[in-house]
Number of protein chains: 2
Amino acid sequence: MFTGLSAFPLTPLANDEVDFPSFIRIIERLAASGTDSITALGSTGSYAYLTNAERAKVTHLSVEHAGGIPVFIGVSALRTSQVLTNVNEAQRAGAAALLLAPMTYQPLTADDVFGLYKAVSGNTDLPIIVYDNPNTTHFTFTRELYGRIAHLPGIASIRIPGVPTCPAQARKHLQAIRAMVPSHVTIGVSGDAFAAPGLNAGCEAWYSVVGGTLPRLALRMTRLAQEGHADEATAESERLAPLWSLFTEFGGSLRVIAAIAEHLSLVQNNSLPLPIQGLNPNQRTRVAEVVKALGLAA
Amino acid sequence: MFTGLSAFPLTPLANDEVDFPSFIRIIERLAASGTDSITALGSTGSYAYLTNAERAKVTHLSVEHAGGIPVFIGVSALRTSQVLTNVNEAQRAGAAALLLAPMTYQPLTADDVFGLYKAVSGNTDLPIIVYDNPNTTHFTFTRELYGRIAHLPGIASIRIPGVPTCPAQARKHLQAIRAMVPSHVTIGVSGDAFAAPGLNAGCEAWYSVVGGTLPRLALRMTRLAQEGHADEATAESERLAPLWSLFTEFGGSLRVIAAIAEHLSLVQNNSLPLPIQGLNPNQRTRVAEVVKALGLAA
């Protein structure tokens with residue numbers, strides 16, 4: 001279950017409240033796309049900004065509208081007790097697994113983070129995906145900590161934040177992680193620009209921002225890599241370089257992918273939670289040009 | 001009102017729930033100490049970890065037990081709409097002012113942060129303290145952004161994250177900020193090791209972690225600097241160097257100040273919100289030695 005493409009949908013807002021009708025349409029579109037799984041309430045799903053009631057409703061709607069595709073639910077929160085509340089809601093909704101990042105406000109130690117995963121592991125029978133996203137959590141995992149956590153009951157996968165783009169270095173990087181992690185725990189790449197290098201180097205999954213909004217694009221690249229067409233997967237990733245460049249230039253993938261979803265009328269305008277403002281008009285023009293040049297609307 | 005010592009109390013937990021009786025005793029102790037103001041629900045008050053109900057109760061208890069001393073309330077949250085909810089609660093409780101940090105999960109732009117302060121400024125008549133704490137928010141203010149925000153209605157003070165320890169450099173640093181900020185907006189130093197350098201260089205306030213747990217110590221240093229005894233304030237700060245060193249060595253002030261409060265029986269053990277674990281036994285021994293050597297219990 002923790003292999004192939006996991007698509008991370010946006011949780012769109014309208015007038016600064018969650019736009020549930022648009023969210024349902026996004027989930028149904030993903031369900032129809034053939035993605036291997038859906039991960040709702042990841043960073044792309046703005047989980048950190050939602051109220052408890054909004055998170056609970058998004059959790060239930062995700063499972064209800066996924067047409068039987070496995071749904072993983074992000075349960076992260078700053079406080080362990082709140083994480084456990086989110087875990088209970090995900091269980092009630094019928095989630096297939098949990099995605100858990102070590103959110104920080106005060107910097108956390110390795111023991112704090114291990115304690116968090118241990119607490120969740122001990123309080124659920126659902127599989128857990130370890131969510132390593134230093135750009136948002138500001139926590140840096142070591143391979144040793146991957147190993148400690150991966151040996152806890154129920155740990156099913158680790159979402160790593162990218163790999164070296166050089167194939168030989170990427171394989172070496174993956175092997176070093178794999179040496180610390182039991183074989184039943186899959187390793188999934190994130191950071192969409194690293195998807196082809198990661199899958200080609202042996203990552204079993206791609207936890208994908210772009211897959212949540214442009215699933216066909218992400219599926220094509222995933223299948224190429226899975227079927228051993230490493231060069232074609234690399235070529236497709238290189239073709240998309242203008243998109244990856246926008247992610248870097250505009251401060252991460254979220255604002256760009258939201259602008260794309262707004263441009264394609266998948267969501268309403270101003271779909272991000274304040275204080276996060278969307279891209280400005282000049283930036284949106286650049287996004288529209290890339291959407292057109294790369295045929296992303298197709 | 002935004003001058004002198006503002007003491008930042010802990011919000012202690014017991015069995016992972018807010019320990020309201022201990023919190024009330026902390027507030028009453030601060031009220032009796034002669035501190036110029038109390039700032040509840042700052043970073044030291046673990047605001048980011050509390051439920052809405054816990055934050056509301058802490059807000060009301062702070063004002064009710066402060067004996068008329070001005071109480072500033074931290075209203076920060078990741079989402080602007082939640083900040084405005086916290087603002088309403090602080091107003092209802094009778095807070096004297098609001099403390100507002102640009103909390104981040106997704107990195108914020110300067111325009112996002114300006115928009116946040118503008119939204120709060122436009123929705124309250126309470127004075128606002130700008131809370132610049134890059135260690136926890138991971139947002140870096142520029143002097144230009146200080147200036148833009150400081151010109152909004154209601155901005156009363158800026159809490160800066162430390163100054164150079166060299167007196168001449170500290171004065172220059174303050175003057176550069178002051179040049180961007182209207183004269184009615186006070187500048188307050190934080191990072192307790194920088195209190196004496198900051199006050200001596202012209203900061204009008206000290207937003208103090210140590211003041212929330214060891215108010216007499218903080219008041220003595222504040223008054224020395226305010227009364228022009230710069231050398232004595234510096235000497236007192238240098239005497240406390242072993243305490244400042246623990247803050248650095250143990251990953252910030254929060255775990256150390258919580259360990260001191262636990263050691264002095266002001267709060268119960270394990271007073272921090274999980275996943276944040278307290279210091280380990282060896283670290284606590286080191287803290288106890290510094291408490292004894294510096295006479296902090298007096």
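1. Contact, as used in this note, means heavy atoms within 4.5 Å. Helices (H or I, at least four residues) and strands (E, at least two) are DSSP runs, numbered from the N terminus. Axes are lines fitted to C-alpha atoms, for helices over the stretch in contact, and angles run from 0 to 180 degrees between N-to-C directions. On these terms, helix α2 (residues 52-64) of chain A lies across β4 and β5 (71-74) of chain A, and α2 runs at about 170 degrees to β5(A).

2. This is a predicted model, in which local features need pLDDT of at least 70 and side-chain atom pairs count only at pLDDT 80 or more, while totals for chains, interfaces and linings use all residues; side-chain values use heavy atoms, with hydrogens and water left out. Residues are numbered from 1 along each chain as its sequence is written, and chains are lettered from A and ligands numbered from 1 in the order in which they are written.

3. The sheet of chain A is a closed barrel of eight strands with parallel pairing, in the order β1-β4-β5-β6-β7-β8-β9-β10. Its neighbouring strands are turned by 25 degrees against each other on average, direction ignored. Two strands pair if DSSP finds at least two bridges between them. Strands β1 (residues 4-7) and β4 (residues 37-40) of chain A pair in the parallel sense over two bridges; A:Ser6 has A:Ser37 in β4(A) as its bridge partner.

4. Chain B likewise holds a closed barrel of eight strands, β1-β4-β5-β6-β7-β8-β9-β10, with parallel pairing. The twist from one strand to the next averages 25 degrees. Within chain B, strand β5 (residues 71-74) and strand β6 (residues 97-100) run parallel and are joined by three bridges. B:Ile73 has B:Leu98 in β6(B) as its bridge partner. Helix α2 (residues 52-64) of chain B packs on the sheet, where α2 touches β4 (37-40) and β5 of chain B and makes about 170 degrees with the direction of β5(B).

5. Between the chains, 36 residues of chain A are in contact with 36 residues of chain B. The buried area (the accessible area, with a 1.4 Å probe, that two parts lose on being put together, summed over both) is about 3,200 Å², and carbon and sulfur atoms give 50% of that area. In chain A, the residues that lose the most area to chain B are A:Tyr49, A:Arg79 and A:Tyr105, together 28% of what that side buries.

6. Four salt bridges are counted between chain A and chain B, each being a side-chain nitrogen of Lys or Arg within 4 Å of a carboxyl oxygen of Asp or Glu. A salt bridge joins the side chains of B:Asp112 and A:Arg255 (2.7 Å, N to O). On the side of chain A that touches chain B, α3 (80-93), α4 (110-121), α5 (134-137) and α13 (253-263) of chain A each supply at least two residues. The largest share of that side, four residues, comes from α4(A).

7. Backbone geometry deserves a separate remark. Most residues other than glycine have a negative phi, and most peptide bonds are trans. The peptide bond joining A:Leu274 and A:Pro275 is cis, with omega about 20 degrees; A:Pro275 is placed in the loop between α13 and α14 (281-293) of chain A. In chain B, the bond from B:Leu274 to B:Pro275 is also cis, with omega near 20 degrees. B:Asn15, a residue other than glycine, has a positive phi near 55 degrees and is placed in the loop between β2 (13-14) and β3 (17-18) of chain B.
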